[in-house]
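My entries follow in the order I made them.

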Amino acid sequence: MASSPENNASLSIQKVLQQAGRNPSQKTVNKYWTSQTTTLNFDDFCTILKKEKPATKTELLEAFGKIDTDNTGYILHDELYKILTTRGEKMTWDEVSTITKKADFNCSGKLDYNKFCDLYMTTSEQCCKTAREKLEVDSRLRQQQFGSQAETSSEGITLPVSKPSPRVSRKTDHKLAPTKGDSRTPSRPSSAQSCKASVSTTISNCASSNRNTKLIEPDTIKEWQCAQSKGCFYLEDDGEIISHKYKLHLPQRSTVCITIKPLNVHQVEGKSCHWLSVDTALYILKENETQENLQLMSFTEQQNKEMFGWKGELGSGIYWLLPFTTGCRLKKVKTQFTGEAKLVYRGEDGELALTKEFRAALLDIFETIDLDGNGLLSLEEYNFFELRTSGEKCDEEAWAVCKENFDMKKNELTRQGFMDLNLMEANDREGDPSDLWVTLLSLGYNKALEMTEACPFVIDIYAEKCKPRIKAIYLEAGSWQLNRAICKSVVNKGEAKVMDGCENIIIYTYKAGRRITSVIENKSENKVIIHVNNEQSKNCLSNRGLTVFAVEVAPKSMTVSQHVMPLNEQEEWLYNCVHSLLR
């Protein structure tokens with residue numbers, strides 16, 4: 001049987017496991033369908049079922065109980081939306097609405113999670129029963145190899161709505177297509193033969209000069225008042241990217257210039273600075289009556305070297321600044337190491353000390369987490385560090401203990417205090433660096449003390465008529481507000497093409513600087529599955545990590561198809577993408 005693309009195959013497994021009463025995360029599926037996997041037979045599937053036990057009602061109630069701290073038996077819809085769209089494998093706003101609109105377990109803006117759990121268990125049992133009946137009717141299913149593309153209907157390629165596939169790069173997928181002079185037979189999956197409606201988009205691009213004269217230079221606005229904050233993109237194990245989110249306050253209407261760029265922290269000689277090539281963007285949303293009701297104002301589409309910016313007029317009020325990177329250049333990379341770097345050593349006096357290399361890394365970390373750039377760590381800044389590395393916050397009482405034991409100024413931790421804090425952690429473990437490595441790995445460092453899975457950045461806001469104020473509020477993955485903002489920006493400024501033979505499907509494509517983004521809009525009453533083929537592109541890099549993949553789009557909704565950037569910016573690149581409707 002013919003092999004299918006890896007993302008389609010893993011999602012077929014997810015579909016089958018759901019039919020068997022399981023609810024696997026993408027991380028769980030990735031354990032069983034790796035880059036080396038080609039097929040899974042029925043016995044393999046049974047082994048997976050033995051390992052992945054279905055959730056019990058008790059476990060579900062315990063999970064809900066952690067949210068319902070007052071033990072009322074209900075969860076407010078607003079809280080449910082916030083949790084399900086921002087944590088774990090995030091759902092879209094429409095998907096959560098599907099849950100809250102069910103009359104069986106909802107009333108007065110609240111979810112009765114006891115009733116929800118009852119319905120969930122009943123549905124799960126029914127899925128298992130139906131699956132068993134199908135197996136009894138057709139014993140040939142026992143020989144089916146999951147992941148094959150032959151004779152697969154559209155139901156076999158279910159992708160989460162508005163969620164990009166994992167950004168983990170595959171060994172054979174570093175380029176979307178061969179470079180000039182290369183030739184090979186297209187590897188389009190057999191499902192493409194069933195595509196009846198399609199639309200093609202081609203964009204030729206010159207080698208990048210990394211300059212756009214439309215972006216005002218900060219040097220020309222030195223008289224304007226400025227606010228600055230640093231932040232960081234962090235790459236999770238499953239390929240998801242999280243970052244700081246900010247609130248901007250403008251006391252009065254003013255012309256502003258907002259920029260974002262990778263932060264050029266201290267560079268150690270001989271160490272690569274991978275993060276400096278990572279693309280950055282900032283979406284500017286106006287806060288109205290509620291945090292959920294955010295209005296897209298603009299985004300940083302103008303480029304000057306590695307900096308992206310926007311200049312325009314904003315009224316007084318509160319704005320949300322949502323950083324974004326495509327994931328084209330910030331993704332998992334497998335690297336072979338001859339040995340891990342040494343973090344601590346014992347001096348002639350027998351006392352533990354930090355190595356020169358580890359101290360250099362800690363100084364870079366300090367500069368990154370010192371969001372306001374004043375050379376000190378406030379409790380708020382330190383807590384972003386703690387949340388990222390340990391998942392917990394430091395309270396006022398613990399901070400007071402730090403003040404007694406480590407160097408502080410104005411109730412803020414100094415660089416030396418930060419160094420001593422890490423040395424104390426090494427001493428607590430009698431020189432065992434395990435906990436120190438947990439910290440380093442969570443901050444994007446590899447075993448050679450190179451920052452390869454994080455990208456620190458800096459945001460500057462210049463205002464002509466008032467003093468802007470910026471403050472980091474969250475450290476989390478891209479929210480539904482960000483996804484919606486990306487889609488709206490592409491729809492508003494991109495080229496729209498109606499799919500031939502299917503007027504309800506529209507493909508929007510927009511190029512901003514060195515980045516191309518495509519969005520799929522489904523105006524129909526039914527979900528659709530769109531086949532995406534990039535095989536004719538040249539010198540291109542996609543955030544999907546695949547040349548051919550499929551995207552599911554819910555009824556009356558939009559979703560990002562892909563982000564594409566040049567593999568080598570010093571060479572010409574060709575974006576040639578075909579979107580086709582799978583029947």
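This is a predicted model: local features need pLDDT of at least 70, side-chain atom pairs count only at pLDDT 80 or more; totals for chains, interfaces and linings use all residues.

**Entry 1: aspartate 435 and arginine 429**

I found a salt bridge between the side chains of aspartate 435 and arginine 429, at 2.8 Å from N to O. Aspartate 435 has 29% relative accessibility, so I put it down as partly exposed. Arginine 429 has 34% and therefore also counts as partly exposed.

**Entry 2: two more pairs**

I looked up glutamate 525 next and found its side chain in a salt bridge with lysine 556, 3.6 Å from N to O. Glutamate 525 sits in the loop between β21 and β22, and lysine 556 in the loop between β24 and β25, so this pair ties together parts 31 residues apart in sequence. I logged both glutamate 525 and lysine 556 as exposed.

The side chain of glutamate 552 meets that of lysine 527 in a salt bridge of 3.7 Å, N to O. Here strand β24 holds glutamate 552 and the loop between β21 and β22 holds lysine 527, so the parts tied together are 25 residues apart in sequence. Glutamate 552 is buried, at a relative accessible area of 9%, whereas lysine 527 is partly exposed at 41%.

For the whole structure I have 16 salt bridges. I also noted a network of salt bridges that links Asp237, Lys332 and Glu453.

**Entry 3: glutamate 412**

Glutamate 412 belongs to strand β16, residues 412-413. Beyond four places in sequence, its contacts include Leu376, Leu377 and Trp399.

**Entry 4: the sheet**

I traced an open sheet of five strands, paired antiparallel, in the order β19-β20-β21-β25-β23. On average, neighbouring strands are turned by 25 degrees against each other, direction ignored.

Between β19 and β20 (residues 502-512) I have five bridges in the antiparallel sense. Threonine 509 in β20 stands opposite glutamate 495. Helix α13 (residues 480-493) packs on this sheet and touches β19, β20, β21 and β25. I recorded about 80 degrees between the directions of α13 and β25.

Definitions and conventions. Residues are numbered from 1 along each chain as its sequence is written. Side-chain values use heavy atoms; hydrogens and water are left out. Two strands pair if DSSP finds at least two bridges between them. Helices (H or I, at least four residues) and strands (E, at least two) are DSSP runs, numbered from the N terminus. Axes are lines fitted to C-alpha atoms, for helices over the stretch in contact, and angles run from 0 to 180 degrees between N-to-C directions. Contact means heavy atoms within 4.5 Å. A salt bridge is a side-chain nitrogen of Lys or Arg within 4 Å of a carboxyl oxygen of Asp or Glu. Buried means under 20% relative accessible area, exposed over 50%, partly exposed in between (1.4 Å probe, protein chains only).
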